[in-house]
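Subject: Structure handover

Dear colleague,

Here is the structure for your files. My notes on it follow below.

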Amino acid sequence: MKRLSPILALAFLITACVSAEVRPYSADLDRLDEALERADEYVGIKEQKISTIENMLHSRGVTPLQQYNIYGELYKEYLPFQFDKAKEMLENQEMLADEMGNTSMRYDALLEKAMILTTAGFFLEAEQVFEKLDTSAFDAAQKVSWYDVRQKFLHDYNEYVRTSSFAVPDAGKIAFYQDKVLEGTPEDSNLNRHMRILRMIERREFERAYDENMAFIESLSPEEHDYAVQTYWQGFICYNTGREDEMLKWWIESAICDLQGAIKDNAALCSIAVNLDLPQETERAFRYIRISLDDAVFYNCLLYTSD
């Protein structure tokens, strides 16, 4: 049998390596797949935690104020997990606040409700919540929450109708409300840092945003929801600066954090899927998209209808 010459053998080896190209993020994708295999386990942990908190509602002698606070804890757990249940917890808080005659506590619940409706894209419903608020009665913390939800509402609503002829009233006040959030929060707070980075992104100051957000990420624990949020934005920043492999690295970090926290309101996994461009990654990409769709159905905001 005729043997290949060393030159031809080397050529075949190079061709094989190219056809089975391995990207720097391949090991990270393996980590992501391992986390996906444990997704049901992470959901079980979340559900057990929710069940433990719910049991506190039925404790003997629990007061309406304690119930209000327990519903607040449940809201935090449900917020990235199931939209309709998170909304229900806020409505329970609103009802209890009315029973106690505590307008301030009612406003706290309504401000949170306006934010989750805005985040889910239910702008008309969020506007109806705004109409129930008397901003002159807000305390300092509520003012910051109000400025935050208003800038989020106007920004997202404006993006939603960008291609239509409809003009969002007060859209010109987005920067004003963002400035108010920055003025009302400490510079080292997560909200302040997040807001500053978003403004850099909006101004397309991507290199500056890259450095600022990297420092922010390094200050966060991988167990925090804020870690999932900021690593997602780091991937977006990398996307806009041509750092394709690093982009996927950060989106993978975000997706793993989402999985470990049983966060169903997520964006990273789908972003990874649509940016996997090697032929051997096609099946994986479709699998990620199916999981993302299943998460969206589980989160349930698509099924929400206003009362």
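In which helix does glutamate 94 lie? Glutamate 94 is in helix α5, which covers residues 83-100. Before the rest, the ground rules. This is a predicted model, in which local features need pLDDT of at least 70 and side-chain atom pairs count only at pLDDT 80 or more, while totals for chains, interfaces and linings use all residues. Residues are numbered from 1 along each chain as its sequence is written, and side-chain values use heavy atoms, with hydrogens and water left out.

Overall picture

The protein chain has 15 helices and zero strands; both are DSSP runs numbered from the N terminus, helices being H or I of at least four residues and strands E of at least two. Its C-alpha atoms fill a box of roughly 95 × 50 × 40 Å along the principal axes. Of the 307 residues, 44% count as buried (buried is under 20% relative accessible area, exposed over 50%, partly exposed in between, with a 1.4 Å probe and protein chains only). Among contacts (heavy atoms within 4.5 Å) with a separation of 6 or more, 59% join residues 24 or more positions apart. The chain exposes about 17,000 Å², and carbon and sulfur atoms supply 54% of that area (Shrake-Rupley method, 1.4 Å probe; for residues, only the protein chains shown count as cover).

The chain carries 32 positive and 54 negative charges, and their mean positions are 3 Å apart. Lys and Arg count as positive and Asp and Glu as negative, without His and the chain ends; each charge is placed at NZ of Lys, CZ of Arg, CG of Asp or CD of Glu.

Glutamate 94 is buried because its relative accessibility is 11%. Leaving aside residues up to four places away in sequence, glutamate 94 touches Arg106, Ala109, Leu110, Lys113 and Lys132. Aspartate 156 belongs to helix α8, residues 140-160, and its relative accessible area of 19% makes it buried. With the same exclusion of residues up to four places away, aspartate 156 touches Thr118 and Phe123.

Aromatic rings

Phe123 is also a member of one aromatic cluster, together with Tyr107, Phe130, Phe138, Trp146, Phe153, Tyr157, Tyr160 and Phe166. The whole structure holds 17 aromatic pairs (ring centres of Phe, Tyr and Trp, the last by its six-membered ring, within 6.5 Å; planes under 30 degrees apart are stacked, over 60 edge-to-face and the rest tilted). The rings of phenylalanine 176 and tyrosine 177 have centres 5.4 Å apart and planes at 65 degrees, so this pair is edge-to-face. Phenylalanine 176 is partly exposed at 44% relative accessible area, whereas tyrosine 177 is buried at 9%.

Cysteines

The count of disulfides is zero, a disulfide being a pair of cysteine sulfur atoms within 2.5 Å. Cysteine 257 is buried, with a relative accessible area of 4%, and cysteine 270 is partly exposed at 34%.

Positive phi in two loops

Arginine 204, although not a glycine, has a positive phi of about 60 degrees. Arginine 204 sits in the loop between α10 (190-202) and α11 (206-218) and is exposed at 58% relative accessibility. Alanine 262 also has a positive phi, near 55 degrees. Alanine 262 is in the loop between α13 (244-260) and α14 (268-274), and is buried with a relative accessible area of 4%.

Regards
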